Amino acid sequence: MAELHFGRNYSCDYGAVEQVAPGIRRVTARNPSKFTFKGTGTYILGTGKVAVIDAGPDLPDHVDALLSALDGEEITHQLITHTHTDHSPAAAAVKKRTGAATYGFGPHGAGRFPDGVPMEAGGDMDFVPDHTVAHGDIIEAAGTQIECVHTPGHTSNHICFALAGSGALFTGDHVMGWSTTVVSPPDGDMAAYMASLELLASRGDKIYYPTHAGPITDPTPYVAALIEHRREREHQIMDCLGRGVGRIADMVGEMYPGLDPELVSAAGRSVFSHIIAMAERGDIIADGPIAADGDYRKVN
Ligand SMILES: [Zn+2]
């Protein structure tokens with residue numbers, strides 16, 4: 001497998017505000033888990049009149065910490081990378097207490113399901129942005145221009161935010177600092193995710209600030225390794241199919257040796273998202289419907 005160099009030596013002081021870089025501060029929520037690493041990092045851009053990226057999970061202590069860090073300042077914009085429950089729910093409480101409007105691509109599933117996602121674990125179904133943004137839109141906030149970069153895949157409504165002229169990109173969960181990203185159907189889409197990685201590879205930003213873990217200071221080889229890693233996963237799946245291993249549960253056992261039992265389900269979702277992409281390309285077919293418990297084989 002491609003070597004992925006994750007930065008896991010990230011320390012945070014829950015409730016405190018950290019100066020990450022000039023004009024960039026962060027408050028980390030106390031929601032550590034197997035999926036969020038140390039927790040959700042809420043970024044604060046600018047000083048005085050500030051923009052906040054991903055107010056975070058619905059934890060009153062986190063909202064209190066964020067607002068006390070900004071005592072005497074004004075939140076003018078709330079930018080939302082995507083609608084998972086560790087990212088967008090606190091925006092409602094922040095808006096209630098400050099009036100700060102929200103900016104996002106749309107409600108959960110907006111990039112893929114105009115009538116709403118049929119069923120989805122971890123989605124914040126309540127969030128509706130005050131202002132809908134699209135790929136390429138520029139938001140004037142925090143004394144600068146912030147470009148919206150639509151990066152569907154992790155979710156269909158995922159947006160990265162680029163700080164004009166700085167080479168800084170806030171990558172949400174599209175590219176994380178400490179782990180690969182879960183891509184879980186139906187709203188998660190591996191083909192879209194790969195295209196969104198290619199989009200980042202073509203941009204040439206200089207530093208990434210993910211929601212979980214610290215900055216990625218050399219993003220070009222990092223993104224290339226993520227793309228290679230996913231291609232290798234597809235090769236592994238083809239290899240399984242070539243040996244008659246056609247069910248996702250059995251593939252996970254072979255592809256992720258020694259995997260933490262708590263992560264088996266997420267790994268199965270990611271393999272399923274690869275399977276869907278490979279079936280859509282016509283590389284593989286299912287004996288029956290395309291489903292998480294389906295039985296697959298190579299074409300020919
Ligand atoms: Zn997420």
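How far apart do the C-alpha centres of domain 1 and domain 2 lie? They lie 29 Å apart. This is a predicted model, in which local features need pLDDT of at least 70 and side-chain atom pairs count only at pLDDT 80 or more, while totals for chains, interfaces and linings use all residues. Residues are numbered from 1 along each chain as its sequence is written.

**Domains**

The chain is divided into domain 1 (17-226) and domain 2 (227-298); such bounds come from an automatic or database domain assignment. Between the two, 17 residues of domain 1 are in contact with 16 residues of domain 2, where contact means that the C-beta atoms, placed from the backbone, lie within 7 Å. Helix H3 (190-203) and helix H4 (219-242) each supply at least two residues of the side of domain 1 that touches domain 2. H3 gives the most to that side, with 5 residues. By class, this side of domain 1 has 12 nonpolar, 3 polar and 2 charged residues. Here Ala, Val, Leu, Ile, Met, Phe, Trp, Tyr, Cys and Pro count as nonpolar, Asp, Glu, Lys and Arg as charged, and the others, Gly among them, as polar. Helices (H or I, at least four residues) and strands (E, at least two) are DSSP runs, numbered from the N terminus.

**Strands**

An open sheet of 7 strands runs in the order E1-E2-E3-E4-E5-E6-E7, with mixed pairing. Its edge strands are E1 (17-21) and E7 (131-132), each of which pairs on one side only. Two strands pair if DSSP finds at least two bridges between them.

| Strands | Sense | Bridges | Residues opposite each other |
|---|---|---|---|
| E4 (49-53) and E5 (74-79) | parallel | 5 bridges | Val 50 and Ile 75 |
| E8 (138-141) and E9 (144-150) | antiparallel | 4 bridges | Ile 139 and Ile 146 |
| E9 (144-150) and E10 (159-163) | antiparallel | 5 bridges | Ile 146 and Leu 163 |

The core draws at least three residues from each of domain 1 and domain 2. Leaving aside neighbours within four places in sequence, Val 94 is in contact with residues including Val 52, Val 63, Leu 66 and Ile 75.

In helix H1 (residues 60-69), His 62, Val 63, Ala 65 and Leu 66 are buried. A residue is buried if 20 or more other C-beta atoms lie within 10 Å of its own, exposed if 12 or fewer, and partly exposed in between, with C-beta atoms placed from the backbone. Seen down the axis of H1, the buried residues fall within an arc of 160°, so they line one face of the helix; the arc is that of the directions from the helix axis to the C-beta atoms. On the other side of H1, Pro 60, Asp 61 and Ser 68 are exposed. The cover over the buried residues of H1 includes strand E2 (24-28), strand E3 (41-45) and helix H2 (90-98).

**Before the sheet**

Asp 13 is in the segment before E1. Asp 13 counts as exposed because 9 C-beta neighbours lie inside 10 Å. The C-alpha atoms of Asp 13 and Val 27 are separated by 8.3 Å, although the two residues are 14 residues apart along the chain.
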